[in-house]
Amino acid sequence: EPAELRRYVYDTAAMLIASGLDPDRCILFRQSDVREHTELCWLLASVTAHGDLNRMHQFKEKSARQRELVSAGLFLYPVLQAADVLAYRADEVPVGDDQRQHLELTRDVAERFNSRYGDTFVVPEADIPKVAARVMDLQEPTRKMSKSIESPQGTVLMLDDPKAIEKKVKRAVTDNEAVVRYDPAAKPGVSNLLGILAAATGEDPVALAERYEQYGPLKADTAQAVIALLEPIQARYRELMADPGEVQAVAAKGAAKARALAAPTLERARERLGLLPR
């Protein structure tokens, strides 16, 4: 519903600020406030192969879950993601491992456009974290943890209260081997817990595994580490939600900065394609 979507966008902006992103050092904006994204998406679609989009893993997974309409917007979403990146001439893009394929598409689209119409876009590199690059569902550790999949006990939300987090982590699926070892292929549940603990503490998951002989203490420490990590974020989020004007001001300021950066890139692409000046 539109009202729910507006609340979600606002909550997301507040969460980003609460997570420690400094609006004075980075640009925070709502994508819908920068129309250059959608126009550039359409231009990039002209050099994007239907077959490439049809092979995107996330499109296959999400379209398979749709009970009614599978929209063209869902199909073209990776092109919009490419526009999100290419509009700002980014050299590196920090992403999780699940976005590797989408960034490869972005690179292909940029290279194809540059090859056909001349040097226009920077071809970006992926910056994928070495630890917890793909956080898995606590109940189904072979599947990515996702807010878009109904898995209440398998997904830890940033605003979950400490008791809920502790309960979810302690009920996390492991295995029957009763040996703590970091081995994502053979022990996905245990390795997922070690990855989460490593990401929350800044340590190495292999080294962490050597400290535990049983799953219980590992789960307890992982839960506490996640709670400690989220506590200051949740506190800052509550402050921001009490003052909606601050978030709106940050978003408006960020949109102006973003448009100033994206507009020249869009005009360069239009010029290369031979479109008339505005």
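Predicted model: local features only at pLDDT ≥ 70, side-chain atom pairs only at ≥ 80, totals over all residues.
Let's walk along the sequence. The order of elements is α-α-α-α-α-β-α-β-α-α-α-α-α. The C-alpha trace spans about 70 × 45 × 40 Å along its principal axes. There are 278 residues in the chain, and 39% of them count as buried. If you take contacts between residues at least 6 apart in sequence, 69% of those join residues at least 24 apart.

The accessible surface is about 15,900 Å², and carbon and sulfur atoms account for 53% of that. I also looked at charge placement: there are 38 positive and 42 negative charges, and their mean positions sit 4 Å apart.

Now the inside. In soluble globular proteins, nonpolar side chains tend to be buried together. So which residues have the most contacts inside the largest nonpolar core? They are Leu-138, Val-180, Leu-194 and Leu-218, in a core of 34 residues. Several helices supply at least two residues each to this core, namely α1 (2–18), α7 (162–170), α8 (188–201), α9 (205–209), α10 (215–241) and α11 (244–273). The biggest giver is α10, with 10 residues. Apart from that core there's another one, made of 26 residues, and Val-34, Leu-86, Phe-113 and Phe-121 are among them.

Leaving out residues up to four places away in sequence, Leu-194 touches Val-180, Arg-181, Tyr-182, Pro-205, Leu-208, Ala-209 and Leu-218.

Okay, aromatics. The structure has four aromatic pairs. Take Phe-113 and Tyr-117: their ring centres are 5.0 Å apart and the planes make 55°, so we call that pair tilted. Edge-to-face would need over 60 degrees. Both residues belong to helix α6 (residues 100–117), and they are four residues apart, which is about one turn of the helix.

With Phe-121 it makes an edge-to-face pair, 5.0 Å centre to centre with 70° between the planes. Phe-121 is buried, since its relative accessible area is 3%. Put together, Phe-113, Tyr-117 and Phe-121 make one aromatic cluster.

Last stop, a cysteine. Where does Cys-26 lie? You'll find Cys-26 in the loop between α1 and α2 (36–45). Cys-26 has a relative accessible area of 25%, so it counts as partly exposed; the cut-off for buried is under 20%. And if you compare Cys-26 with Ala-269, which is 243 residues away along the chain, their C-alpha atoms are separated by 25 Å.

That's my tour, so over to you for questions.

Methods
Residues numbered from 1 in each chain as written. Heavy atoms only, no water. Phe/Tyr/Trp six-rings, centres within 6.5 Å; stacked < 30°, edge-to-face > 60°. Buried < 20%, exposed > 50% of the residue type's maximum accessible area, 1.4 Å probe, protein only. Contact = heavy atoms within 4.5 Å. Areas by Shrake-Rupley, 256 points an atom, 1.4 Å probe, with all protein chains shown as cover. Lys, Arg positive; Asp, Glu negative; His and termini not counted. Charge placed at Lys NZ, Arg CZ, Asp CG, Glu CD. Core = buried A, V, L, I, M, F, W, Y, C linked by side-chain atoms within 4.5 Å.
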